[in-house]
Amino acid sequence: MVIDLGAAPGGWSQVAADRVKAVDGKGRVVAADLTDIEPVPGVTFLHVDITDAEAPGLLRDALDGAHADLVLSDMAASSTGHRQTDHLRVIALAEAALDIAEDLLKPGGVYLAKVLQGGAGQDLVTRLKQGFAKVQHIKPKASRQDSAEVYVLATGFRGASG
Ligand SMILES: C[S@@+](CC[C@H](N)C(=O)[O-])C[C@H]1O[C@@H](n2cnc3c(N)ncnc32)[C@H](O)[C@@H]1O
């Protein structure tokens with residue numbers, strides 16, 4: 001079970017659906033974005049702003065009470081051209097994705113979020129270290145070396161607190 005936040009135009013959802021064999025009914029992918037995507041077989045799509053109060057409930061309903069193995073966030077607001085502002089905005093989105101991950105991941109689950117250069121920010125790293133066994137920054141091979149794209153990967157979710 002995969003949650004893909006900031007899914008448009010649908011590239012990651014397509015790969016995730018293939019990996020979990022969603023079309024064969026083995027796994028499922030729930031994707032969300034502000035922008036609609038073309039239907040992807042095996043993917044349940046929600047047109048929602050992840051920072052809206054209704055978003056966690058909509059995702060929970062789409063999962064039919066199940067918990068996710070993986071929460072992906074490639075969310076990014078359009079660039080302002082001001083590096084620090086863009087960084088703060090992407091961190092706010094990564095934090096919104098973490099709120100959802102803390103609610104909907106199963107123990108042992110994985111969170112991956114875009115944070116751009118500058119990394120995850122101290123508050124986000126602190127929260128991740130509390131909630132997950134291992135936290136690291138990664139730059140995927142497919143990401144251009146000259147782009148600001150950096151991701152934070154947290155594995156081994158310790159389980160919902162409280
Ligand atoms: C880089 S694109 C994602 C590309 C996608 N991973 C793919 O493989 O096709 C970033 C997406 O984040 C979405 N996004 C930004 N802020 C969002 C928010 N608050 N809620 C939902 N989606 C958001 C944008 O609409 C945009 O489609």
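A: In this predicted model, the chain has a radius of gyration of 15 Å, which agrees with the value near 15 Å that a compact globule of 162 residues would have. Taken along the principal axes, the box filled by the C-alpha atoms is roughly 40 × 35 × 30 Å. Of the 162 residues, 38% are buried, and among contacts between residues at least 6 apart in sequence, 63% join residues at least 24 apart.

The chain contains four helices and seven strands, and their order along the sequence is β-α-β-β-α-β-α-β-α-β-β. Two helix pairs can be described in detail, and helix α3 takes part in both of them.

The pair formed by helix α2, residues 55–62, and helix α3, residues 83–104, packs at an angle of about 40°, with the two axes 11 Å apart. Since angles under 35 degrees would count as roughly parallel, and this angle is about 40°, α2 and α3 are therefore oblique to each other. The crossing in which α2 passes α3 is right-handed. On the α2 side the residues that take part are Pro56, Leu59 and Arg60, and they meet Ile100, Asp103 and Leu104 of α3. By class, this contact consists of four nonpolar and two charged residues, with no polar ones.

The pair formed by α3 and helix α4, where α4 covers residues 122–131, packs at an angle of about 20°, again with axes 11 Å apart. That angle lies under 35 degrees, the limit for this class, and α3 and α4 are therefore roughly parallel to each other. The crossing of α3 and α4 is left-handed, whereas that of α2 and α3 is right-handed. Here α3 contributes Ile91, Ala94, Glu95, Leu98 and Glu102, which meet Leu124, Arg127 and Gly131 in α4. The residues of this contact divide into four nonpolar, one polar and three charged.

Taking the two contacts from the point of view of α3, the residues facing α2 are Ile100, Asp103 and Leu104, while those facing α4 are Ile91, Ala94, Glu95, Leu98 and Glu102.

Note on methods: Residues numbered from 1 in each chain as written. Predicted model: local features only at pLDDT ≥ 70, side-chain atom pairs only at ≥ 80, totals over all residues. Axes fitted to C-alpha atoms, helices over the stretch in contact; angles between N-to-C directions. Parallel < 35°, antiparallel > 145°, perpendicular 65-115°, else oblique. Left-handed = near helix turned anticlockwise from the far one by under 90°. Contact = placed C-beta atoms within 7 Å. Nonpolar A, V, L, I, M, F, W, Y, C, P; charged D, E, K, R; others polar. Rg over C-alpha atoms; globule rule 2.2 N^0.38 Å. Buried ≥ 20, exposed ≤ 12 C-beta atoms within 10 Å, placed from the backbone.
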